[in-house]
Number of protein chains: 2
Amino acid sequence: MTHEALADLAARLPDLRLLTDAGDLEHYGRDWTRRWTPAPLAIALPASVEEVQGIVRWANQHNVALVPSGGRTGLSGGAVAANGELVLSLARMNRVLGFDAVDRTLTVQPGIALETVHTAAREHGLIYPVDFAARGSCSIGGNIATNAGGIRVIRYGNTREWIAGLKVVAGNGELLDLNRGLIKNSSGYDLRQLMIGAEGTLGIVVEATLRLTDPPPPSQVMLLALPDMDALMQVFALFRAHLSLQAFEFFTDIALKHVLAHGAQRAIDGDHPYYVVTEFDAPDERTQEAALAAFEQCVERGLVSDGVIAQSEAQAAALWRLREGITESLAPHKPYKNDVSVRIGAVPGFLHEIQALLTREYPQIEVVWFGHIGDGNLHINVLKPETLADAQFIAQCEHVTKLLAQTLQRHGGSISAEHGIGLVKRAYLESTRSAEEIALMRGVKAVFDPNGLLNPGKVFA
Amino acid sequence: MTHEALADLAARLPDLRLLTDAGDLEHYGRDWTRRWTPAPLAIALPASVEEVQGIVRWANQHNVALVPSGGRTGLSGGAVAANGELVLSLARMNRVLGFDAVDRTLTVQPGIALETVHTAAREHGLIYPVDFAARGSCSIGGNIATNAGGIRVIRYGNTREWIAGLKVVAGNGELLDLNRGLIKNSSGYDLRQLMIGAEGTLGIVVEATLRLTDPPPPSQVMLLALPDMDALMQVFALFRAHLSLQAFEFFTDIALKHVLAHGAQRAIDGDHPYYVVTEFDAPDERTQEAALAAFEQCVERGLVSDGVIAQSEAQAAALWRLREGITESLAPHKPYKNDVSVRIGAVPGFLHEIQALLTREYPQIEVVWFGHIGDGNLHINVLKPETLADAQFIAQCEHVTKLLAQTLQRHGGSISAEHGIGLVKRAYLESTRSAEEIALMRGVKAVFDPNGLLNPGKVFA
């Protein structure tokens, strides 16, 4: 049956690149999570919208599940194929299709890397402002599937804000041309917005029109050392009141330890429990003085113990590396990742409860905190002790995640701020969405994908 | 049956305010369109979320259609009740429920007027930036239902960008608490976004958490007179390149004639076919000089014939009145309204085709153009000649709208930029959305409102 189905696919789409080697199945069958054993049926690498449509129609006839796949940098298992699915990789559809100077939009294929989008925008004197550390490998299609956030959300919002149009292949193979770059379009339900963040379960994005904007004014980057957790949101409030922030990121001493061990350069001497990297507009002397004044006010109030302001682009990059290098520095420790959020106003209370919870539940285990605290988004990475077996470690982390989910629910938070639900967070969706919401979501899923072939098992079982 | 049903409603919700007087039925049964004869069953004015839920549950049991209703300033018939529906007016649910200084959000009931939201935001030193002429009467619930745009979209986007959370009563009476003010929330489908612009057909908004932002820097307002249509987008491009625009609005000499006849003050002498009101950041001398330089460059290139820059707040208000007073000045002429959009890049070609179309099809009829041209949004108001009967006039306008819809389709535009589809544009939805999209929208509607009781007949028949 399997061979028959694949033979039929090859016959229908003779130019379609199909991979079935064991190495390819393993490579394309997983993402940055390492919890599932890849077991796809095959890998299809379409080169056109028509081929994507052909694959979806074929899947419906043969009842084969599809896993849409981009840069596979996901952290929630959204692109994992572990159950005989056909991986539909958009990797070959990675070109810029057009730029419109009047609309200030860039139209791209979904497999294009975020960094390539950045470069293309800058060639036209504009920027695409969504940005995060995986920029070199992640694809814009995956960014759309998870409504990717990152390090500039405080200024520019999430991916959702930057999508002017989407072409999507729905579950029946039909091509939808959603919003077509319009700024104003109050003509029925905004299905474009519904697709963003749907993790490939409602349709396959085959083209995106991205809004670009003017580059920000010259900025400064500052690293701050904080004496305690309570200072964190107070420093944020003070900086936000006096400066136009582009980013406000935090991490702990344990995170710093790992990133330094991984080759980054120490920028502040001494031991401090918390650090902040912030970037803000500093086009002139007045704003630079305001930054210094904000810093001094923080020091006077005992909210900041030490700080350094980058004097060059190289130093700014070095300060940023202390934050952006964390994820990579932790990878060898097989971290279990939580990616949670609450309203900014709820952060202080939430942080205290979470700290108590983690200290209690992981007494012998190293826990690394960092995140986009100006957006209420906290990344918690639990590092696997070498002596602990994988399965045992994950079981323990799942237990704690259950408790974390309860805390989140009390604070009105989200179990996934920017990674998506995928497979990893599926069991905890109820902590963030009510039974009624989930029932409606299932209903919507059935409308777009009646045969349940688009990324089945992701978001909900 | 009708009396029985109403008696049951009164018995279930003894505190619910219910109106059945002929005058009330007429008052609440219609919006700013005047094409349908109001014929609601009754008017319910709930004072709480629980009462709204009770009404929806009652409606399901008695199979009574509901028309959610706000300020009834809509121009597409979205709030018209002409078929024995119960009007569910949110007019009494019009309070500010809370302000959060850290989140910078304002939580409000749906019946609050947009202008009251503006005032409440300013009391906290912030702004809610969505704005348009109906601000004093329209309600935030209606703004959300149509994803209202207005005069600041060029800077701040549409209503959609400013909704941090929505409480919505779904078609079965269940209360949904969508997104709860989170900045980052990648936990399943964003049903909040689906509700925005759904014109009350998927659920009834009973609470909204609005994002606020810093007030813009001091601005200047300029009125420009243009010699021809081709100059319009060139002036826009030049101004946008040199200034940080807050608004860029255009209107024609015919619009000016009406607004002057309605009491506004002429600001530029002579006859000019096109005018632009623009507002831009002007915090310092440098930006003021840039504005003057942009203006002079336009004059040198023959793109602008004359201009005036406001020297006081009063003069700025007077210049704005020339644009904002248009709708009101046209009301006595029973205008037939088109509210269309194309991508900004498609505006010049579209304008030429539309001008030819309107000149040909309305040879004896006055047509008034104005709109948010920086967003690709054009309002076309066709004035009824006194000698023409209402029905005959509308039939002629519907014929032209059919041709206009075909032109829009060729240009990838939208039949409703910001007014919504309602009843007025229902027959033309196919010009903007494909058959496949409409089928999916119907499917979504059935998920949220299985008995089809929420604003039936609006958006689609």
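**Note on chain B of a predicted model**

1. Helix α3 of chain B covers residues 49-62, and its 14 residues, at 1.5 Å a residue, should span 20 Å; the C-alpha atoms at its ends lie 20 Å apart, so expectation and model agree. The model in question is predicted.

2. α3(B) is mostly covered, with 10 of its 14 residues buried. Among the buried residues are Val49(B), Val52(B), Ile55(B), Val56(B) and Trp58(B), and also Glu51(B), Gln53(B) and His62(B). Asn63(B) follows α3(B) and has a positive phi, near 55 degrees.

3. Helices α8 (residues 230-242) and α10 (residues 285-300) of chain B have axes that come within 10 Å and cross at roughly 155 degrees. Because angles over 145 degrees count as roughly antiparallel, α8(B) is roughly antiparallel to α10(B). The crossing of the two helices is right-handed.

4. On the α8(B) side, the contact is formed by Val235(B), Leu238(B), Phe239(B) and His242(B), which meet Ala290(B), Ala294(B), Phe295(B), Gln297(B) and Cys298(B) of α10(B). These contact residues divide into 7 nonpolar and 2 polar, with no charged residue. In general, an α-helix has 3.6 residues a turn, so residues three or four places apart point the same way.

5. Ser305(B) lies in the loop between α10 and β13 (306-309) of chain B. Its relative accessible area is 38%, and Ser305(B) is therefore partly exposed.

6. The C-alpha atoms of Ser305(B) and Leu224(B) are separated by 7.6 Å, although the two residues are 81 residues apart along the chain. Leaving aside residues up to four places away in sequence, Ser305(B) touches Ala225(B), Leu226(B), Pro227(B) and His272(B).

Conventions
Residues are numbered from 1 along each chain as its sequence is written. Chains are lettered from A and ligands numbered from 1 in the order in which they are written. This is a predicted model: local features need pLDDT of at least 70, side-chain atom pairs count only at pLDDT 80 or more; totals for chains, interfaces and linings use all residues. Side-chain values use heavy atoms; hydrogens and water are left out. Axes are lines fitted to C-alpha atoms, for helices over the stretch in contact, and angles run from 0 to 180 degrees between N-to-C directions. Helices (H or I, at least four residues) and strands (E, at least two) are DSSP runs, numbered from the N terminus. Angles under 35 degrees count as roughly parallel, over 145 as roughly antiparallel, 65 to 115 as roughly perpendicular and the rest as oblique. A crossing is left-handed if the near helix is turned anticlockwise from the far one by less than a right angle, and right-handed if clockwise. Contact means heavy atoms within 4.5 Å. Ala, Val, Leu, Ile, Met, Phe, Trp, Tyr, Cys and Pro count as nonpolar, Asp, Glu, Lys and Arg as charged, and the others, Gly among them, as polar. The expected span of a helix is 1.5 Å times one less than its number of residues. Buried means under 20% relative accessible area, exposed over 50%, partly exposed in between (1.4 Å probe, protein chains only).
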